[in-house]
Amino acid sequence: MTTKPKARSRIFEAVYETASDLHRLGFIDKRTMQKYDMLCMEPVPEYDADRIRALRKNLHLSQTVLAAVLNTSVSTVRKWEVGDKKPSGPSSKLLCLIERKGLEAVC
């Protein structure tokens with residue numbers, strides 16, 4: 001348990017705080033605490049073409065550089081920005097991290 005995830009509601013926050021205290025006291029093991037961490041995390045947002053393009057331009061990156069950062073092909077980034085495809089799984093999570101914390105979070 002490194003940092004407290006941002007809770008989605010006051011109820012989640014209360015449950016998480018209680019679980020955290022129980023973990024600290026040794027009543028909840030690390031694996032169970034990780035499940036609470038996952039429950040309290042905000043879901044990864046969907047990224048449409050405009051949002052991806054805006055993120056890339058705000059970071060002053062070319063499609064080639066963004067593709068390299070995400071470990072994907074340039075054609076995939078182009079398809080995302082045109083709207084032919086949408087990122088999913090690890091790509092969505094990486095885009096979310098970059099959007100929230102900056103490029104340094106993944107490089």
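Tutor: Let us begin with contacts, where a contact means heavy atoms within 4.5 Å: among those in the chain between residues at least 6 apart in sequence, 52% join residues at least 24 apart. Please keep in mind that this is a predicted model, in which local features need pLDDT of at least 70 and side-chain atom pairs count only at pLDDT 80 or more, while totals for chains, interfaces and linings use all residues. Residues are numbered from 1 along each chain as its sequence is written, and side-chain values use heavy atoms, with hydrogens and water left out.

The chain has six helices and zero strands, where helices (H or I, at least four residues) and strands (E, at least two) are DSSP runs, numbered from the N terminus. The radius of gyration, taken over C-alpha atoms, is 17 Å, well over the 13 Å that the globule rule (2.2 Å times the number of residues to the power 0.38) gives for 107 residues, so the chain is more spread out than a compact globule. Along its principal axes, the C-alpha trace spans about 50 × 25 × 20 Å.

Now to the inside itself. Buried residues, meaning those under 20% relative accessible area with a 1.4 Å probe and protein chains only, make up 28% of the 107 residues. A nonpolar core is a set of buried Ala, Val, Leu, Ile, Met, Phe, Trp, Tyr and Cys residues joined through side-chain atoms within 4.5 Å. The largest such core has 13 residues, of which Ile52, Leu66, Leu70, Trp80 and Leu95 touch the most other members. The elements giving two or more residues to this core are α3 (49-58), α4 (63-70), α5 (74-82) and α6, and the largest share, four residues, comes from α4.

Leucine 70 lets us follow the packing in detail: not counting residues up to four places away in sequence, leucine 70 touches Trp80, Leu94, Leu95 and Ile98. There is also a second, separate core of five residues, among them Tyr16, Ile28, Met33 and Cys40.

Finally, consider serine 92, which is found in helix α6, spanning residues 90-101. With a relative accessible area of 8%, serine 92 is buried, and, leaving aside its neighbours within four places in sequence, serine 92 is in contact with Val44, Tyr47 and Pro87.

Note on methods:
Buried < 20%, exposed > 50% of the residue type's maximum accessible area, 1.4 Å probe, protein only.
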